[in-house]
Amino acid sequence: MLIFGIETSCDETAAAIVKNGREVISNVVASQIKTHSQFGGVVPEVAAREHLDAINVVIEETFAQAGIQPNEVDAFASTAGPGLVGCLLVGLNAAKTLSLVYDKPYLPVNHLNAHVCANFIDSDLKPPFTCLLVSGGHTQIINVSDYNEQEICASTIDDATGEVYDKVARLLGLSYPGGIQLDKLAQSGNQTAFKLPEAKVGDDEFSFSGLKTAVLRLIQTFKGAEIPINDICASFQETITSTLIKKTVKMARRNSSNTIVLAGGVAANSRLREKLYELENDGFKVYAPKMKYCTDNASMVASCAYFNPIKTDNPLEFEVFSRG
Ligand code: KG4
Ligand code: ZN
């Protein structure tokens, strides 16, 4: 089964064709990073307009790279939410239009489920597993008992992991998008240079606002002297990844699950991946998406449309939603 997927929930205009949820035939991503970096973050109206400008080219390129005609795909899918409404509308209407023109089903997809499904691409992963989902808008531990059965067992009570990365990066004067830059600088810093706090919250909660404030206070102590940016990045990265992994392991043990999976943009983080792979020494089977399928892309959307589309009797009537 060939599914054509579209992703436009934030600042990437992306399309892909995926076979049976696991094999990527073509994958195209047009990033808006250059546009938004001048504003230091994503401007929703600007993002929606850029999606509109890019969508047709991205769709055509996806078919061209695959050497497949639109009438050869079995279904069209798009992210319906959560995300920026104006942005989501562009992808959803493009996918619905293709589905009407070529008389094939339209499958709406939840963006968070799509991030989880990025792990099925080029892999043999099968449920059940415990998934740590860490993106710009979400931080959750999910107990995935089957392809379309899952339960959130922990989530953040304030900032999402990617959001904290981006905010701390901004405090340090790094350019947007900060998460990936912070990760790079952390790799040449001393992770034990500064002791930063881990929030004392329940096993089913994450809280990062205290950590963010602690970094701000730490920066302020330098009072104009040169700030040891790499050491601060490394210490921050060590603290946050250690919290994330510790809680995920605890939840996996509680769920009697021996498979741990990463998902979301922050799954691209070098230290988080290192710590994940270290869990193999404790007897866990571990999975993380390939780097290009961690941050927003449409292959994960097409995969999710195959394994776990949004259940609805009337897909063509299904509308975008901002929160989920
Ligand atoms: O999943 P994603 O592409 O978009 C959302 O659905 O939110 O995640 C984007 C987030 C951003 O906050 C970005 O800074 C973060 O993922 N990110 C990283 C890294 N690469 C992307 N954070 C830390 N280390 C990275 N290497
Ligand atoms: Zn995302």
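From which domains does the lining of the second largest cavity draw at least three residues each? The lining draws on domain 1 (2-118 + 294-317) and domain 2 (127-289). The model is predicted: local features need pLDDT of at least 70, side-chain atom pairs count only at pLDDT 80 or more, and totals for chains, interfaces and linings use all residues. Residues are numbered from 1 along each chain as its sequence is written, chains are lettered from A and ligands numbered from 1 in the order in which they are written, and side-chain values use heavy atoms, with hydrogens and water left out.

The protein chain is divided into these two domains, with bounds from an automatic or database domain assignment. Their centres, taken over C-alpha atoms, are separated by 27 Å. Contact (heavy atoms within 4.5 Å) joins 19 residues of domain 1 to 20 residues of domain 2.

The second largest cavity holds about 40 Å³ of space. A cavity is a set of points on a 1 Å grid over the protein atoms alone where a 1.4 Å probe fits but cannot get out; a pocket is an open set with protein on both sides within 12 Å along at least five of seven lines; lining residues have an atom within 4 Å of a point. Grid points are joined across faces, edges and corners, and a volume is the space filled by probe spheres set on the points. Helix H4 gives the most to this lining, with 3 residues. Helices (H or I, at least four residues) and strands (E, at least two) are DSSP runs, numbered from the N terminus.

The largest pocket has a volume of about 1,600 Å³. It is lined by 44 residues, and Cys 10, Ser 135, Gly 136, Gly 137 and Asp 166 are the closest to its centre. Helix H5 supplies the largest share, 6 residues.

The zinc ion (ligand 2) has three protein donors: His 111 (NE2), His 115 (NE2) and Asp 296 (OD), at 2.0 to 2.1 Å. Donors are N, O and S atoms within 2.8 Å of the metal (3.2 Å for Na, K and Ca); water is not among the atoms, so sites may look incomplete. His 111 lies in helix H4 and Asp 296 in the loop between strand S11 (285-287) and helix H10 (299-307), so the pair ties together parts 185 residues apart in sequence. Both His 111 and Asp 296 are buried, meaning under 20% relative accessible area, with exposed over 50% and partly exposed in between (1.4 Å probe, protein chains only).
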